[in-house]
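Work through the exercises below with the sequence and the 3D view open. Try each task before you read its solution.

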Amino acid sequence: MQSLESIENWPVPTAAAAVVRADGTVAGAHGPTGHRFPLASVTKPLAAYAALVAYEEGAVELDEPAGPDGSTVRHLLAHTSGLAFDEHRVTAPPGTRRLYSNAGFEVLGDHIAKATDIPFAEYLRQGVLEPLGMASTSLDGSPAKDGVSTVDDLVRFAAEVQAPRLLDPRTVLEAMSVVHPGLSGVLPGYGHQKPNDWGLGFEIRDGKHPHWTGAASSPRAFGHFGQSGTFLWIDPDAGAACVALTDRAFGPWAVEAWPPFTDAVLAELRRQSAA
């Protein structure tokens, strides 16, 4: 895909990107797709998928208590537990505000580890990474932000989310649907959003502005970006997903570069579909 080549113009030392269609075929790739990059918060969708595997295996229930008083597994996945961003400190009653929380995902990982009697990083490996053939991916610390992976591996994950084999498709549909609709909150790097919609571990685009996806991205698009200069979006209306990994921290360069990149990818996908 010619649109992927524009990553060569990004002000980053190293970048790689790929697009995978809903049928699992790779539409295009560019850059060192086997290079391992720190994911930062793109770790969260992987951790969330492992949590949903634990749910389907019966190890946990989405509405069982987890985290602060009144909070559940569902609250932790949807950033509505009330926990602060990076502190294990309650700042709001559960379900009342969208408080993006690394601490919440760490509590979630601990909860699943206790329920399964398996360290969370190992549970992620056994439940998600190994079955999908993601041999270059590892979790080396916090389930909120310490994943390391490659574009090639995340293409496998994005193909799975679009056509689930590890999970019931109905569970994935729930993960990409808004949990606690109408809650406002801050989208890191992009300011206050009203509403700030999230599913179960995935951010949902809806009508957010500004946003890291493109102007042409559908409201149903969902995914995550990371402070290490990484993103993964899945757009059901386009029937495709895109992964881009870099080794430069998120900042104004990404705010400027990512939306037109996404719009170019979507335009090229539309042209391919029409051909």
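**Exercise 1. The largest pocket**

Which element gives the most to the lining of the largest pocket?

Solution. Keep in mind that this is a predicted model. Start with the space itself: the largest pocket has a volume of about 150 Å³. The lining has 14 residues, and Ser 41, Tyr 100, Pro 188, Phe 225 and Gln 227 lie nearest the centre. Now sort the lining by element. Strand E9 gives the most, with three residues. Finally, sort the lining by class: seven residues are nonpolar, five are polar and two are charged.

**Exercise 2. The largest cavity**

Find which residues line the largest cavity, and which elements give two or more of them.

Solution. First, the search of the whole structure: it finds one cavity of 30 Å³ or more. Its volume is about 30 Å³. Then list the lining. It consists of Glu 203, Ile 204, Arg 205, His 211, Trp 212, Thr 213, Ala 221, Phe 222, Gly 223 and Trp 233. Strands E8 and E9 (222–226) are the elements that give two or more residues. By class, five lining residues are nonpolar, three are polar and two are charged.

**Exercise 3. A charged residue in the lining**

Is Glu 203 buried or exposed? Which side chain does Glu 203 join through a polar contact?

Solution. Glu 203 belongs to strand E8, residues 203–204. Now check its accessibility. The relative accessible area is 2%, and buried means under 20%, so Glu 203 is buried. Next, look for a partner. The side chains of Glu 203 and Trp 212 form a polar contact of 2.8 Å. Then look at the surroundings. Leaving out residues up to four places away in sequence, Glu 203 touches several residues, including Leu 187, Asp 197, Lys 208 and Phe 222.

**Exercise 4. A strand with two neighbours**

How many residues of strand E10 are buried? How do E9 and E11 pair with E10?

Solution. Begin with burial. Six of the six residues of E10 (230–235) are buried, so this strand is largely enclosed by the rest of the structure. Next, take the faces one at a time. In a regular strand the side chains alternate between the two faces of the sheet. On one side of E10 are Thr 230, Leu 232 and Ile 234; on the other are Phe 231, Trp 233 and Asp 235. Both faces are covered.

Now turn to the pairing. E9 and E10 run antiparallel, with five bridges. Phe 222 stands opposite Ile 234. E10 and E11 are also antiparallel, joined by five bridges.

End with the turns. The hairpin of E9 and E10 has three residues between the strands, and Gly 229 there has a positive phi near 85 degrees. The hairpin of E10 and E11 has four residues between the strands, and Gly 239 in the turn has a positive phi of about 65 degrees.

**Exercise 5. A residue in E11**

Solution. Locate Ala 244 in strand E11, residues 240–246. Its opposite residue is Phe 231. Phe 231 is also among the residues that Ala 244 touches, along with Trp 10, Ala 16, Ala 17, Gly 229 and Thr 230. Relative accessibility is 1%, so Ala 244 counts as buried.

Technical notes. Residues are numbered from 1 along each chain as its sequence is written. This is a predicted model: local features need pLDDT of at least 70, side-chain atom pairs count only at pLDDT 80 or more; totals for chains, interfaces and linings use all residues. Side-chain values use heavy atoms; hydrogens and water are left out. Buried means under 20% relative accessible area, exposed over 50%, partly exposed in between (1.4 Å probe, protein chains only). Contact means heavy atoms within 4.5 Å. A polar contact is a pair of N or O atoms within 3.5 Å; within protein, one must be able to donate a hydrogen and the other to accept it, and residues adjacent in sequence count only if both atoms are side-chain atoms. On a 1 Å grid over the protein atoms alone, a cavity is a set of points where a 1.4 Å probe fits but cannot get out, and a pocket is an open set with protein on both sides within 12 Å along at least five of seven lines; lining residues have an atom within 4 Å of a point. Grid points are joined across faces, edges and corners, and a volume is the space filled by probe spheres set on the points. Ala, Val, Leu, Ile, Met, Phe, Trp, Tyr, Cys and Pro count as nonpolar, Asp, Glu, Lys and Arg as charged, and the others, Gly among them, as polar. Two strands pair if DSSP finds at least two bridges between them.
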